[in-house]
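Dear colleague,

Please find the structure below, together with its sequence.

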Amino acid sequence: MKLLYFAWLRTKLGLAEEEVTLPETVHDVADLMTWMRDRGPLYAAALANPAVIRVAVNQIYARPHHPVTASDEIALFPPVSGG
Amino acid sequence: MSVRVQREDFDVGRELESLSRGRPGVGAVVSFVGLVRDMVSERPLLALELEHYPGMTERELAAIDAEARRRWPLETVLVIHRYGRLTPGDRIVLVAVASAHRNAAFEACQFLIDWLKTRAPFWKSEETTAGSHWVEAKAADDAAAARWGAPEITCG
């Protein structure tokens, strides 16, 4: 599973992307967020407030119950501020 | 329709001209140009760094464009959004709509920029004399998009 980070999430975590093995406990976006927060204090701090995190699965906005699989590209980022 | 995500500037006159060229049914062209302002939070802005999510950006802009065409009878739509380092006075975005009549063009243009601001994956980092910081999404932008019945995109 490929994870991508943008904007302050990228700078807080200190990386733009990483390849991770999908844990058996992760079936949807909500599971992924829970697992991510347990990966260490840096992740826990960056992802503490779900209200300011958006998730896209294969480049499409995803809600908490959207399923995730090992072949997905999953992006985490703050609310957008373009235009 | 046409969507472009680019580092380079664009020529507004030439782009608007291209919307009606060869389309005799066009009776109205409405455009929005977004620019970098010189002040943020009462400090002079030195530069703006625009980051985006290549791939998703184009996909999302195409989806916004398709939604506008579903709602209004449009001849054509053009969206150009820049990324990279910009300075005050620089153009950031162009949204232009061509239609037979002005009402559809005005409404669709406003819809496009409102949806773009809340859905297209761009992020601004502002550089001032106090340092750089990421721009937070504005509640006013969410409210503007909500007027058009934009779907919720929170994950939490």
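Two strands are taken as paired if DSSP finds at least two bridges between them. Strands (E, at least two residues) and helices (H or I, at least four) are DSSP runs, numbered from the N terminus.

This is a predicted model, in which local features need pLDDT of at least 70 and side-chain atom pairs count only at pLDDT 80 or more, while totals for chains, interfaces and linings use all residues. Residues are numbered from 1 along each chain as its sequence is written, and chains are lettered from A and ligands numbered from 1 in the order in which they are written.

Chain B

Chain B has an open sheet of four strands with mixed pairing, in the order β1-β5-β7-β2. Its edge strands, β1 (2-6) and β2 (28-35) of chain B, each pair on one side only. On average, neighbouring strands of this sheet are turned by 5 degrees against each other, direction ignored; such angles run from 0 to 180 degrees between N-to-C directions, and axes are lines fitted to C-alpha atoms, for helices over the stretch in contact. Eight bridges join β2(B) to β7(B) (residues 91-99) in the antiparallel sense, and Leu35(B) has Arg91(B) as its bridge partner in β7(B).

Helix α1(B) (residues 12-20) packs on the sheet, where it touches β2, β5 (74-82) and β7 of chain B, and its direction makes about 20 degrees with that of β7(B). Contact here requires that the C-beta atoms of two residues, placed from the backbone, lie within 7 Å. Helix α3(B) also lies across β2, β5 and β7 of chain B, and runs at about 145 degrees to β7(B).

The axes of α2(B) (residues 56-71) and α3(B) come within 10 Å and cross at roughly 150 degrees. The two helices are therefore roughly antiparallel to each other (over 145 degrees; under 35 is roughly parallel, 65 to 115 roughly perpendicular and the rest oblique). In their contact, Glu60(B), Leu61(B), Ile64(B), Glu67(B), Ala68(B) and Arg71(B) of α2(B) meet Ala108(B), Phe111(B), Leu112(B), Trp115(B), Leu116(B) and Arg119(B) of α3(B). These residues divide into eight nonpolar, no polar and four charged. Nonpolar covers Ala, Val, Leu, Ile, Met, Phe, Trp, Tyr, Cys and Pro, charged covers Asp, Glu, Lys and Arg, and the others, Gly among them, are polar.

Helices α3(B) (residues 102-119) and α4(B) (residues 139-146) have axes that come within 8 Å and cross at roughly 130 degrees; α3(B) and α4(B) are therefore oblique to each other. The residues of this contact comprise three nonpolar, one polar and four charged.

Chain A

Five strands of chain A form an open sheet with mixed pairing, in the order β2-β1-β5-β3-β4. Strands β2 (17-19) and β4 (60-61) of chain A stand at the edges with a single partner strand each, so one side of each is left without a neighbour in the sheet. Strand β5(A) pairs in the parallel sense with β1(A) (residues 2-5) over four bridges, and in the antiparallel sense with β3(A) (residues 54-57), also over four bridges. Within β5(A), Glu73(A) is the bridge partner of Lys2(A), and Leu76(A) that of Val55(A). Four of the five residues of β5(A) (residues 73-77) are buried, so this strand is largely enclosed by the rest of the structure. A residue is buried if 20 or more other C-beta atoms lie within 10 Å of its own, exposed if 12 or fewer, and partly exposed in between, with C-beta atoms placed from the backbone.

Yours sincerely
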